[in-house]
Amino acid sequence: MEHTHLANVMVSTFNNLVDQGVDLVAVVSDSTSTAKIGPFMDKHPERVINVGIAEQSLVSTAAGLALGGKVVATCNAAPFLISRANEQIKIDVCYNDANVTMFGLNAGASYGPLASTHHSIDDISVIRGFGRVEIFAPADAIECQQIVEYALKKQGPVYIRLDGKPLPVLHDASYRFVPGNIDTLSEGEQITLVGLGSTVHEVVDAAHQLNNERIKAQVLSLPSIRPLNKKQLADAISKTPYVISVEEHNVNGGAGAIVAEVIAEYGISARLIRLGIPDGEYAIAGNRADTRARHGIDAKSVVSMAKQLLKSQQ
């Protein structure tokens with residue numbers, strides 16, 4: 001199965017949208033390789049602004065361009081966007097309702113051995129604390145393209161979390177992303193697995209393994225974090241007595257927190273296990289497979305946890 005880097009999808013969509021007449025400007029902070037912006041720079045060099053290693057300037061420049069009438073995308077690594085330009089995101093972009101789409105590239109623990117300085121395991125929780133910004137986390141290339149197109153054609157701030165590794169395709173050409181909707185990838189009545197971004201692939205693999213053992217798992221993806229159709233998510237969660245959320249993010253403020261909030265708000269009788277980077281911890285420094293195994297967010301760990309939950313029912 002072909003694997004695709006979502007940043008490449010982002011850039012090819014930029015080119016397509018400019019061809020359609022979108023007045024797009026991309027702002028980057030030094031590393032054009034991180035943004036994989038080369039094909040866009042080659043075709044539209046006048047539409048790329050590189051501010052250097054200055055993330056606060058990156059976001060403020062983007063806000064200024066947007067308030068001047070441009071459609072703007074910031075393209076840099078998620079940990080530096082979120083941590084170094086926190087105030088500029090909150091005030092310059094979100095408070096001003098500026099038409100800026102912020103791409104958090106290489107999110108989660110994508111940078112692996114570069115460790116906590118380069119890991120972004122709190123970006124969703126931080127951005128959820130800001131107003132007026134929509135938040136998305138595509139799980140494959142098809143979904144990514146549709147989310148990028150939506151974001152750059154709408155008005156107002158958007159944050160899009162992109163994984164740093166090539167991902168296989170989950171959807172076919174018939175898939176249509178709808179802002180707010182959850183994405184049901186498989187039906188099952190015994191347990192629900194909820195994934196965010198690249199970990200959706202872990203829960204899909206886990207569901208296949210469980211199915212081989214005659215355990216029927218429902219698989220849900222959360223590509224749209226804000227807006228979110230909470231009633232739709234509540235209805236799906238209500239179908240099974242157990243729920244496991246899986247994310248390459250701290251267990252606080254991300255997918256697990258969203259599911260917990262919905263369970264509480266709708267009075268759902270379901271037991272939830274949140275798998276992610278544990279409360280108060282950092283992700284380990286290592287390759288992706290080791291990191292996910294260590295923190296229990298790989299398919300094998302999800303299968304093991306699902307079996308434990310179902311065994312406790314007996």
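The following dialogue shows how to read several features of this predicted model.

Biologist: On what basis are the residues numbered and selected?

Modeller: Residues are numbered from 1 along each chain as its sequence is written, and side-chain values use heavy atoms, with hydrogens and water left out. The model is predicted, and local features need pLDDT of at least 70 while side-chain atom pairs count only at pLDDT 80 or more, although totals for chains, interfaces and linings use all residues.

Biologist: What span does helix 1 reach from its first C-alpha to its last?

Modeller: Helices (H or I, at least four residues) and strands (E, at least two) are DSSP runs, numbered from the N terminus. The expected span of a helix is 1.5 Å times one less than its number of residues. Helix 1 covers residues 6–19, 14 residues in total. Its span of 20 Å is close to the 20 Å expected at 1.5 Å a residue. Helix 9, residues 200–212, has 13 residues and reaches 19 Å, close to the expected 18 Å.

Biologist: How many residues of helix 1 are buried?

Modeller: A residue is called buried under 20% relative accessible area, exposed over 50%, and partly exposed in between (1.4 Å probe, protein chains only). Helix 1 is mostly covered, with 10 of its 14 residues buried. Among them are Leu6, Val9, Met10, Phe14 and Leu17. In helix 9, the buried residues include Val200, Val203, Ala207 and Leu210.

Biologist: How is the packing of helix 1 and helix 8 described?

Modeller: Two packed helices are described by the angle between their axes and the distance between the axes. Axes are lines fitted to C-alpha atoms, for helices over the stretch in contact, and angles run from 0 to 180 degrees between N-to-C directions. Helix 1 and helix 8 (residues 141–153) pack at an angle of about 45°, with their axes 9 Å apart. Helix 1 is therefore oblique to helix 8. Angles under 35 degrees count as roughly parallel, over 145 as roughly antiparallel, 65 to 115 as roughly perpendicular and the rest as oblique. 

Biologist: Which residues of helix 1 meet helix 8?

Modeller: An α-helix has 3.6 residues a turn, so residues three or four places apart point the same way. Contact means heavy atoms within 4.5 Å. On helix 1, Leu6, Val9, Met10, Thr13, Phe14 and Leu17 take part, meeting Ala141, Cys144, Gln145, Val148, Glu149, Leu152 and Lys153 of helix 8. By class, these residues divide into 9 nonpolar, 2 polar and 2 charged. Here Ala, Val, Leu, Ile, Met, Phe, Trp, Tyr, Cys and Pro count as nonpolar, Asp, Glu, Lys and Arg as charged, and the others, Gly among them, as polar.

Biologist: At what angle do helix 10 and helix 11 cross?

Modeller: The axes of helix 10 (residues 230–237) and helix 11 (residues 255–265) cross at roughly 85° and come within 10 Å. The two helices are therefore roughly perpendicular to each other. Lys230, Leu233, Ala234 and Ile237 of helix 10 meet Ile258, Val259, Val262, Ile263 and Glu265 of helix 11. This contact has 7 nonpolar, no polar and 2 charged residues.

Biologist: Where are Lys36 and Arg214 found?

Modeller: Lys36 lies in the loop between helix 2 (32–35) and helix 3 (38–43). Lys36 has a positive phi of about 50° although it is not a glycine, and is partly exposed at 29% relative accessible area. Arg214 lies in the loop between helix 9 and strand 11 (217–221). Arg214, also not a glycine, has a positive phi of about 65° and is exposed, with a relative accessible area of 73%.

Biologist: Which residues does the cis peptide bond join?

Modeller: The bond joins Arg226 and Pro227, with omega about 5°. Pro227 is found in the loop between strand 12 (224–226) and helix 10.
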